Amino acid sequence: METVTDKTPLEAWQQKIARAQRAAAGRSKHVAALAKKLKEAEHEQSTAAYAERILSGVLKGWKENDPGKHGPAYRFVGASGRPVVVEELLSPEERAEARAKHLPVVPFGGVATKLCHRCSPGKLLPVIEEYCQTEDGPDGDTWTKRRLIACPDCCAVFKTGETEESDRRF
Ligand SMILES: [Zn+2]
């Protein structure tokens, strides 16, 4: 049996168009929400990858012969504010190597710390210096130092203090 309707064929057709428009708008909204989520997940992923690079890099950063020249070098920052090497992370041979390079070797307790801004309650994390040549060209060079904390629990990275720049190694 046919449904009784007072709509003309044109009105029925227009109503279907309106429904299709609403559905399209709904789908666009849905896609936009997913795109936002994807962007957040990608940001989270790149931050976590950055945290991992810092935390892995700092273990052997002091061994680099040309630190910062071919990508960022990571070093622990001592209470004095200068880069240090952590005694407990060194083998006896490495301890001798660090001393031969005149690098200050300190116990882990002698590394400067800051609280993770994301973990609650905040965890104390060692301050790490990221050191690299950010420009290398005929118009001059730029070397940059940034102080960071990277949290192995929440995989966040935070900058602490000001970025320092120089036109030569410093
Ligand atoms: Zn954290």
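Where does P121 lie? Select P121 in this predicted model: P121 sits in the loop between β4 (113–115) and β5 (124–126). The peptide bond that joins S120 and P121 is cis, with omega about 0°. Most peptide bonds are trans.

Next, select H102. H102 is in the loop between α2 (92–100) and β3 (105–106). The phi of H102 is near 60°, which is a positive value, and H102 is not a glycine. Most residues other than glycine have a negative phi. Is H102 buried or exposed? H102 has 6 other C-beta atoms within 10 Å, so H102 is exposed; the cut-off for exposed is 12 or fewer.

Then go to C155, in the loop between β7 (140–150) and β8 (157–159). C155 is not a glycine either, and its phi is positive, about 60°. Around C155 there are 17 other C-beta atoms within 10 Å, so C155 is partly exposed. A buried residue would need 20 or more.

Last, select residues 9–60, which form helix α1. How far apart are the end C-alpha atoms of α1? The end C-alpha atoms are 77 Å apart. At 1.5 Å a residue, the 52 residues of α1 should span 76 Å, so the two values agree. Look along the sides of α1 as well: α1 is hardly covered, with 2 buried residues among its 52. An α-helix has 3.6 residues a turn, so residues three or four places apart point the same way.

Note on methods: Residues numbered from 1 in each chain as written. Predicted model: local features only at pLDDT ≥ 70, side-chain atom pairs only at ≥ 80, totals over all residues. Helix = DSSP H or I, 4+ residues; strand = E, 2+ residues; numbered from the N terminus. Expected span 1.5 Å × (residues − 1).
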